[in-house]
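Hello,

Here is the structure I promised to pass on to you. Please have a look at it first, and then read my notes below.

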Amino acid sequence: MHGPKVSGIETSESGALRHVRQALPHDSAVRHVQGAAQYIDDMLEPEGTLHIAIGMSPKARGRLFAMDLAPVRAYPGVVAILTAADIPGRNDISPAMGDDPMFAEERVEFHGQALFAVVGETRDAARRAARKARIEIEEERPSVAVEDALERGESVLPDYAFGRGDADAAIAAAPRRLAGSLRIGGQEHFYLEGQAALAIPGEEGDIHVHSSTQHPTEVQHVVARVLGLPDSLVVCEVRRMGGGFGGKESQATQWAAIAALAARVTGRPCKIRLDRDDDFALTGKRHDMRSDWEAGFDETGAISGYRVVHNARCGFSADLSQGVVDRTMFHSDNAYHLPAVHIDSRRLKTNTVSNTAFRGFGGPQGMLSIERVMDEIAWATGRDPLDVRLANLYAPGRDVTPYGQTVEDTDLLHAIVRDLERTSDYRARRAEIAAFNASSRWLRRGISLTPVKFGISFTLMHLNQAGALVHVYQDGSVHLNHGGTEMGQGLYQKVAQVVAEEFGIAMDRVRIMATTTAKVPNTSPTAASSGSDLNGMAAKIAAAAIKARMRAFAAGRHGVPEEQVAFRDDRVFIGETSVSFGELARECVMNRVQLSEAGFYRTPRISWDRANAKGRPFFYFAYGAACAEAIVDTLTGENRVTRIDILHDVGRSLNPAVDIGQIEGGFVQGMGWLTTEELVFDAEGRLLTHAPSTYKIPVASDVPADFRVALYPNANREETIYRSKAVGEPPLMLANAVYCALCDAVSSLAPGRSVPLDAPATPEAILRACEALRENPPP
């Protein structure tokens with residue numbers, strides 16, 4: 001435990017924690033299992049609700065010459081058609097750059113882009129009518145791949161770079177040098193609940209929008225922008241999402257705004273729910289990249305100079321690409337010290353749907369690229385890949401990142417890696433695998449142990465704030481509302497645990513309410529793994545303020561010092577007597593003591609000067625390590641992950657059950673990104689993998705039966721909520737070990753050779769790599 005108790009962060013008033021750090025179930029776990037948890041499409045529809053379908057572009061790039069919508073209007077059940085001409089405000093649903101129209105007007109920029117919306121009495125009628133439109137487009141050759149955009153010199157944002165020292169000189173002077181390129185695929189979010197919104201018009205031009213969104217304030221703001229209203233006339237509400245993973249941070253706004261416009265035009269409630277195929281076509285993915293690198297190093301594998309250019313396919317508009325690719329750059333070091341380094345990035349414009357936030361927010365791509373470099377150095381030097389990694393880990397005196405932030409807990413990083421090396425029996429298994437490969441002609445095994453260092457905070461500084469609203473009613477029950485959203489990750493449960501702990505009451509006395517902009521304004525998105533850090537603190541601050549007033553009243557009423565008033569076990573102990581929490585609440589109400597509070601929290605100690613690439617963009621780092629073992633059939637490329645060992649740092653966990661679930665789920669999602677989930681576009685810009693039949697996410701049988709997860713015992717050095725650490729995103733990057741283990745297996749075919757395997761390492765890609773090594777064996 002680092003430092004003294006701070007504002008009740010470490011312990012409760014009784015000294016022992018009743019709710020916090022307990023393995024309690026998710027607040028909706030039973031309803032999830034029963035199918036009773038209510039999502040947007042499960043809500044009872046108001047009388048007269050209309051349904052919306054999207055009319056989509058059949059071409060990826062060109063001038064929109066004409067739209068004949070007469071056949072659409074004539075279709076039975078059609079109530080209205082919406083185009084850009086019907087928008088009373090601005091035709092812009094972008095988060096910042098003003099480059100993303102809700103409906104295309106003069107040009108189309110990607111295959112499937114929304115051209116119009118059909119509002120019908122039924123969803124079926126709207127969908128059938130939308131296909132009757134006659135669209136004329138003067139087609140142009142689209143830019144689909146990174147190379148197309150580079151050839152045309154088209155980007156959505158300016159290039160950006162940072163680093164330190166003279167990387168080129170360090171590389172040139174190094175005893176050994178390597179260069180390469182790694183293609184890193186994108187990823188579809190594949191949330192179980194697709195994009196959905198229900199908009200209900202009010203009596204004074206106001207709109208109430210139920211949206212499946214991670215960012216209610218963004219929905220509120222964009223709907224107001226599109227309708228030409230002040231924000232105060234728009235309320236956005238969300239009780240839960242059926243998954244988000246970043247895909248509902250900025251990209252939920254378009255569907256909410258279309259529903260709101262339809263409600264405004266028709267005067268009736270309007271609902272939109274994207275079909276899965278349409279959701280694939282209309283929403284952005286994880287950014288795919290081509291990372292070109294050079295490294296200089298010595299015979300131990302220690303890097304002296306490193307240069308990398310991340311060429312990111314951003315799609316047709318900026319969306320969140322500035323922050324996403326910045327985070328790719330921030331994590332291009334992962335856990336390794338790079339003495340002389342230059343990190344460059346290009347945010348390329350292509351005629352594909354705009355890519356967006358995805359769990360890890362660009363960090364996974366930067367980390368995978370440096371892990372590939374570690375493996376390349378190991379193959380070139382003949383050293384164990386783990387030893388190369390250990391030679392480059394941050395350490396005292398080698399602890400400053402390329403952007404100037406000091407890594408203050410390098411000892412923790414080393415301890416996690418060394419502990420996992422021991423508990424996974426890495427060295428003995430490495431030797432046993434080498435012996436197996438020497439005697440096996442077609443089946444080859446591989447093993448890899450990779451670290452994770454992930455920065456926690458929004459790098460857009462103003463987002464590092466949160467609000468919460470807490471009411472105590474006169475019967476002692478508590479109403480909890482905050483700006484965070486629930487997408488299955490257990491945020492609501494964790495924050496409720498914090499509030500129940502603060503008041504010393506049972507969990508069932510805390511009522512978790514839907515997130516709504518009508519109660520907590522100007523919220524940040526639930527993203528960047530900071531939901532518990534921000535909203536937990538805001539709720540604790542609010543509850544503590546109410547408790548302080550209740551304590552002062554109780555002390556005065558009973559003539560004892562405030563220090564002799566304690567809240568625990570559903571009671572309030574006042575000197576030698578005690579009353580129930582509800583009794584004290586009732587007395588407070590009768591004596592006009594305020595029992596409501598809006599709490600506010602802002603993350604301390606962070607700053608980022610992007611122009612000069614200096615500062616402390618992250619409040620702290622979350623660490624972890626994974627050891628993966630895999631087996632590959634070199635004749636077919638088929639493969640299986642046979643064992644996973646994970647050791648992960650979540651600080652002092654608010655809820656170990658929820659956190660372990662996040663680690664397991666994040667890891668499997670990362671494993672899918674790197675092994676089976678392949679996005680394929682044709683030359684015309686059409687997404688060919690647009691359904692479960694062609695796009696393969698991991699299933700239960702892909703999860704290794706031998707799956708070992710442990711939490712590293714540690715307290716966050718920073719004053720976070722109960723000294724916990726974020727857990728939403730970092731575990732996804734533990735899956736880098738799977739990709740590296742597959743590369744390790746393939747490399748046994750030609751030791752010392754570079755393995756020509758990009759990500760995702762699908763069976764087809766693995767087979768191509770095996771065949772390439774067999775056709776060109778080492779001399």
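Predicted model: local features only at pLDDT ≥ 70, side-chain atom pairs only at ≥ 80, totals over all residues.

Apart from its neighbours within four places in sequence, His32 touches His26, Ala37, Tyr39 and Arg240. His32 itself belongs to helix 1, which covers residues 29–34. Its relative accessible area is 33%, so His32 counts as partly exposed.

Next, two helix pairs. Two packed helices are described by the angle between their axes and the distance between the axes.

For helix 6 (residues 216–227) and helix 7 (residues 253–266), the axes come within 9 Å and cross at roughly 45°. Helix 6 and helix 7 are therefore oblique to each other, and the crossing is right-handed. On the helix 6 side, the contact is made by Glu218, Val219, Val222, Val223, Val226 and Leu227. Helix 7 contributes Thr253, Ala256, Ala257, Ala260, Leu261 and Arg264. By type, the residues of this contact are nine nonpolar, one polar and two charged.

Helix 14 (residues 491–503) and helix 15 (residues 531–558) have axes 9 Å apart, at an angle of about 25°. That angle is under 35 degrees, so helix 14 and helix 15 are roughly parallel to each other. Their crossing is right-handed. Among the residues that make the contact are Leu491, Val495 and Phe503 of helix 14, and Gly531, Ala539 and Ile546 of helix 15. Here the residues divide into nine nonpolar, four polar and four charged.

Finally, the cysteines. How many disulfides does the structure hold? The count is zero. A disulfide is a covalent bond between the sulfur atoms of two cysteines. To be counted, the two sulfur atoms must be within 2.5 Å. For Cys236, the closest cysteine sulfur is that of Cys270, 16 Å away, so the gap is too far for a bond. Cys236 is also buried, at a relative accessible area of 0%. The sulfur of Cys627 has its closest cysteine sulfur in Cys740, and because the distance is 11 Å, this too is too far for a bond. Cys627 is buried, with a relative accessible area of 0%.

Happy browsing, and do write back with any questions!

Best wishes

Conventions
Residues numbered from 1 in each chain as written. Heavy atoms only, no water. Buried < 20%, exposed > 50% of the residue type's maximum accessible area, 1.4 Å probe, protein only. Axes fitted to C-alpha atoms, helices over the stretch in contact; angles between N-to-C directions. Helix = DSSP H or I, 4+ residues; strand = E, 2+ residues; numbered from the N terminus. Parallel < 35°, antiparallel > 145°, perpendicular 65-115°, else oblique. Left-handed = near helix turned anticlockwise from the far one by under 90°. Contact = heavy atoms within 4.5 Å. Nonpolar A, V, L, I, M, F, W, Y, C, P; charged D, E, K, R; others polar.
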